[in-house]
Amino acid sequence: QVQPVESGGGLVQAGGSLRLSCAASERTFSDYAVGWFRQAAGKEREFVSAASWNAVITYYADSVKGRFTISRDNAKNTVHLQMNSLKPEDTAVYYCAVSYGNSGATTNIYDYNYWGQGTQVTVSS
């Protein structure tokens, strides 16, 4: 499938951890850059993290740097976002996106072609 699918969202307490996953059966999924974005209620969608096809190159938004880690398991066609030390301001719908045609990581939302349906992450205080 072309559309990636996210999973792993849920409700956690501040300071807790959560691991999001993104998967796609599309045969070229593991060849291209992937990104995580989030959108809080009433807010614009914002960049969170990105990885090149082999995750050698990674980027993080300043707001999550040092707390979140993006990784890839290309043998399983999956991408993960490990989120630690979660804060209430991390509450949002998290989206996985794929930039078909690009192998290097990009933080530009307009470079991404295909988007998942999103998974809700709620952090309580």
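User: How many helices and how many strands are there in the protein?
Analyst: Happy to start there! This is a predicted model, where local features need pLDDT of at least 70, side-chain atom pairs count only at pLDDT 80 or more, and totals for chains, interfaces and linings use all residues. Residues are numbered from 1 along each chain as its sequence is written, and side-chain values use heavy atoms, leaving out hydrogens and water. Taking DSSP runs numbered from the N terminus, with helices as H or I of at least four residues and strands as E of at least two, the protein has 0 helices and 11 strands.

User: What share of the 125 residues counts as buried?
Analyst: Buried means under 20% relative accessible area, exposed over 50%, and partly exposed in between (1.4 Å probe, protein chains only). By that cut-off, the buried share of the 125 residues is 44%.

User: Where does isoleucine 57 lie, and what is its relative accessible area?
Analyst: Isoleucine 57 sits in the loop between β5 (46-51) and β6 (58-60). This residue is partly exposed, because its relative accessible area is 39%.
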